[in-house]
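Visitor: I'd like to learn how to read a few features of a structure, one by one. Could we take them together?

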Amino acid sequence: MKLNEIRDNEGAHKKRMRVGRGPGSGKGKTAGRGVKGQKSRSGVAIGGFEGGQMPLYMRMPKRGFNNPNALKLAEVNLWRVQEAIDAGKLDAKAEINGAALVAAGVIRRVKDGVRVLGEGELKAKLNLVVWSASAGAIKAIEAAGGKVEQQRIAAEAKAAARVEKRNAAKGKAPAAKAPLGDANKVSARAKRAAAKA
């Protein structure tokens, strides 16, 4: 046997059906599409069409909301940060921010910011500068003697100041808000219970 004699097994390569090539082919004239009607033509999209009845996908109620302005955050757990420190990729004594985490290979990219989550054990004393951190993560970092600077808090304060300045320019009085944990603040449920009694 020579290289030029090598062939595939019979039927290994099936030829493509060529339609519209005369009645003798068995797929001529209407090319296997049947006759007349919408489906016999190209560009038909009637997957969800129910003969004029309201389609199922339109009868179902809408649920949820997709916020177009939502930030896309790169999430990282404490165990992953500790793993990088143990491997010598992160310096625990230096400030750890998004760029440092990317350089260490902990996260692929910073996106709109970094959010630290509290899964795993943390032994090192860290100084983290991130967009935000979960309550569990903050507790674990502070328990290890470290600290977390959340950029979100500063950004929210700046945005609130900007809104207040704009409202003051328009002559609008700022809305009175009771501070968190205020003894004078009464919940709506408590008000309803008091009204019933």
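Visitor: Let's begin with charged pairs. What do the side chains of glutamate 83 and arginine 80 meet in?

Guide: The general idea first: side chains of opposite charge can pair when their charged atoms come close. In this predicted model, glutamate 83 and arginine 80 form a salt bridge, at 3.3 Å from N to O. Both residues belong to helix H2 and sit 3 residues apart, about one turn of the helix.

Visitor: And how exposed are the two partners, glutamate 83 and arginine 80?

Guide: Glutamate 83 has a relative accessible area of 41%, which makes it partly exposed. Arginine 80 is partly exposed as well, at 24% relative accessibility. The cut-off for buried is under 20%.

Visitor: How many salt bridges does a search of the whole structure find?

Guide: The search finds 3. One of them joins arginine 152 and glutamate 156, with 3.3 Å between N and O. These two lie in helix H5 (residues 151–170), 4 residues apart, again about one turn of the helix. Arginine 152 is partly exposed with a relative accessible area of 27%, and glutamate 156 is partly exposed at 45%.

Visitor: Which residue forms a salt bridge with glutamate 50?

Guide: That's arginine 59, and the closest N and O atoms of the pair are 3.2 Å apart. Arginine 59 is partly exposed, its relative accessible area being 41%; glutamate 50 is partly exposed too, at 31%.

Visitor: Back to H2. Which residues of that helix are buried?

Guide: H2 covers residues 78–86, and its buried residues are Leu78, Val81, Gln82, Ala84 and Ile85. Look down the helix axis and you'll find them within an arc of 160°, so they line one face of H2.

Visitor: Now strands. How do I read their pairing, and what is the order of the open sheet?

Guide: Strands of a sheet pair through backbone hydrogen bonds, either parallel or antiparallel. Here 3 strands make an open sheet with parallel pairing, in the order E2-E4-E6. Strand E2 (95–96) and strand E6 (147–150) are the edge strands, each pairing on one side only.

Visitor: How many bridges pair E2 with E4?

Guide: E2 and strand E4 (residues 127–130) pair over 2 bridges, in the parallel sense. If you want a residue pair to pick out, isoleucine 96 has leucine 128 in E4 as its bridge partner. Helix H5 lies across E4 and E6, and runs at about 35° to E6.

Visitor: Which residues of E3 are on the covered face, and which on the uncovered one?

Guide: Val114 and Val116 make up the covered face, while Arg115 and Leu117 make up the uncovered one. Valine 114 is buried, at 4% relative accessibility. Leaving out neighbours within four places in sequence, valine 114 has contacts that include Ala74, Val76, Leu101 and Val130. Valine 130 is 16 residues away from valine 114 in sequence, yet their C-alpha atoms are 5.4 Å apart.

Visitor: Last one: serine 40. Is this residue buried or exposed?

Guide: Serine 40 counts as buried, with 15% relative accessibility. You'll find serine 40 in the segment before helix H1 (56–59). A polar atom of its side chain lies 2.7 Å from the backbone oxygen of glycine 37, and a 3.3 Å polar contact joins the serine 40 side chain to that of arginine 41. Not counting residues up to four places away in sequence, serine 40 touches Arg33 and Val35.

Definitions and conventions:
Residues numbered from 1 in each chain as written. Predicted model: local features only at pLDDT ≥ 70, side-chain atom pairs only at ≥ 80, totals over all residues. Heavy atoms only, no water. Buried < 20%, exposed > 50% of the residue type's maximum accessible area, 1.4 Å probe, protein only. Arc of directions from axis to C-beta. Salt bridge = Lys/Arg side-chain N within 4 Å of Asp/Glu carboxyl O. Pairing = 2+ DSSP bridges. Contact = heavy atoms within 4.5 Å. Axes fitted to C-alpha atoms, helices over the stretch in contact; angles between N-to-C directions. Polar contact = N/O pair within 3.5 Å; in protein donor to acceptor, adjacent residues only side chain to side chain.
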